[in-house]
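This report describes the strands, helices and selected residues of a single protein chain. The sequence and the model are shown first, and the description follows.

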Amino acid sequence: MKTLKLDIRKSGIAISDAMKQQALEAADLLYSGKGAGNDFLGWVNLPSSISDEELDKITATAARLREKADLIICIGIGGSYLGAKAVLEAMSNPFQYLHKQNNNPTVVFAGQNISEDYTYELLEASKEHSIATIVISKSGTTTEPAIAFRLFKAEIEKRYGKEEAAQRIVAITDKARGALKTQADNEGYTSFVIPDNVGGRFSVLTPVGLLPLAAAGIDVRALVRGAQAMEQATAQGVAFDENPAAIYAVTRYQLYKSGKKVEILGSYEPRLQYINEWWKQLYGESEGKDGKGIFPASVTLTADLHSMGQYIQQGERTLFETIISVAAPRHHITIEHDEANLDGLNFLAGKRISEVNAKAELGVQLAHVDGGVPNIRIEIPEINEEVIGGLLYFFEKACGISGYMLGVNPFNQPGVEAYKKNMFALLNKPGYEEESKAILARL
């Protein structure tokens, strides 16, 4: 199945043979393990290495949670949250809460912030539902999810008792060590492993993403099939001109070298908004280091044309756009003729809304290119699990290639630790006494 088409004709980039070779050499590092961060390359062959046994365990555990709860709270932050959220939003009807008949439990997210109001309001709302939780943390000590899990664990145990709570709590954590692993073993929780060689932002195709999605009723086997097809389409040995991940990586790299420092990912389908958010973490955390990297931004169109459109069209010329274009919508609505025609839209009568959307997309592309904004277009045939699985792996593979071309380690995130040290010092965490004194002196 052809899951996407990549079009760089409006990017203004001509790719030389030397650049093609550089990209393929960067791609080869993902397979040889000779590049920086080589202990986090487990995602490269992840789609093809997912076993039927693991998928069976995931779907069976999801079925148990679905039987026990109509509200499942998924606790995690960063890559432990964004991948599942992105796929769930893409596959869900945004107005399903208005439908009285809905057989799937609602999956919501916690532990991705430290907002007291958000946490209180979710706890209050959960009192009207039968609840279960999936907690995702390699260590079990990351502040945001650890706070949320402490609260929701207590709520579940208060309601159902410890024995039944153990059937309603599932842990996704380290295979051998850490606070959450110890707690899962002690309490008898069903647990799944976060692979040691897969970083959080590349983990959507592990139980980190697959279990919450299966619990929500998403076809995770189709998601994996799509990723497997894209793994083959971008595999080692595939010619550059046939490898969309390599082409995308080179195009954005050359745009960066030409002075385009900001990439805006956009789509004309609002259900892809959280794909944008997942993509921003993937590229921002992978490339933004050593004083280098494209800044990843996003828009949802056409809505943001009425807010960000002016800047994109005529602001500083340091940006380029990548647009995810959906060929076929799920539904069919035709614009009707109106006798009064006060809005002047009778020229659209008989047309589908998707026809208008497509012409808006094309018109915007031409206007932005004329305004000095290079454009990359990624067309997907429709929004379904298989297509989205391929899209996710496409972005992951391109990110690995792009990071190596940029000359950084795409798989670490040393800058993320800076705020944690300050926060722990300000909270007087044991072991941070000297840091506390120093930061208080600064303040």
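## Surroundings of T3

Apart from its neighbours within four places in sequence, T3 is in contact with M230, E379, I380, P381, E386, V387 and G390. The model in which these contacts are found is predicted. T3 belongs to the segment that precedes strand 1. Its relative accessible area is 4%, below the 20% limit, and T3 is therefore classed as buried. Between the C-alpha atoms of T3 and I50, which are 47 residues apart along the chain, the separation is 20 Å.

Strands in the order 1-10-9-7-8 make up an open sheet of five strands with mixed pairing. Strand 1 and strand 8 (295-300) are the edge strands, and each of them pairs on one side only. With direction ignored, neighbouring strands of this sheet are turned by 20° against each other on average.

Strand 10 (residues 375-380) runs antiparallel to strand 1 (residues 5-7), and three bridges join the two. Within this pairing, D7 has R377 in strand 10 as its bridge partner. Strand 9 (residues 319-326) is parallel to strand 10 and is joined to strand 10 by six bridges. Here the bridge partner of E321 is N375 in strand 10. Five of the six residues of strand 10 are buried, so strand 10 is largely enclosed by the rest of the structure.

Strand 7 (residues 262-267) pairs with strand 8 over six bridges, in the parallel sense. One of the bridge pairs consists of E263 and P296, the latter in strand 8. Helix 14 (residues 385-406) lies across strand 1, strand 7, strand 9 and strand 10, and the helix runs at about 145° to strand 10.

Five bridges connect strand 2 (residues 71-75) with strand 4 (residues 131-136) in the parallel sense. In this pair, I72 stands opposite A132 of strand 4.

## Packing of helix 3 with helix 9

Two packed helices are described by the angle between their axes and the distance between the axes. For helix 3 (residues 52-68) and helix 9 (residues 220-233), the axes come within 11 Å and cross at roughly 145°. On the side of helix 3, the contact involves D52, L55, D56 and T59, which meet V220, R221 and V224 in helix 9.

## Cysteines

How many disulfides does a search of the whole structure find? The search finds zero. Two cysteines illustrate the accessibility of this residue type in the model: C74 is buried at a relative accessible area of 1%, and C399 also counts as buried, at 0% relative accessibility.

## Backbone features in loops

The peptide bond that joins L301 and T302 is cis, with omega of about 10°. T302 is located in the loop between strand 8 and helix 12 (309-314).

Where is N341 found? N341 is in the loop between strand 9 and helix 13. Phi of this residue is near 50°, a positive value in a residue other than glycine. N341 is partly exposed, as its relative accessible area is 27%. N428 likewise is not a glycine and has a positive phi, of about 60°. The loop that holds N428 lies between helix 15 (417-426) and helix 16. With 54% relative accessibility, above the 50% limit, N428 is therefore counted as exposed.

## A residue of helix 16

A441 is part of helix 16 (residues 433-442). Is A441 buried or exposed? Its relative accessible area is 67%, which means that A441 is exposed. The C-alpha atoms of A441 and I401 are separated by 44 Å, and the two residues are 40 residues apart along the chain.

Methods
Residues numbered from 1 in each chain as written. Predicted model: local features only at pLDDT ≥ 70, side-chain atom pairs only at ≥ 80, totals over all residues. Heavy atoms only, no water. Axes fitted to C-alpha atoms, helices over the stretch in contact; angles between N-to-C directions. Helix = DSSP H or I, 4+ residues; strand = E, 2+ residues; numbered from the N terminus. Contact = heavy atoms within 4.5 Å. Buried < 20%, exposed > 50% of the residue type's maximum accessible area, 1.4 Å probe, protein only. Pairing = 2+ DSSP bridges. Disulfide = S-S within 2.5 Å.
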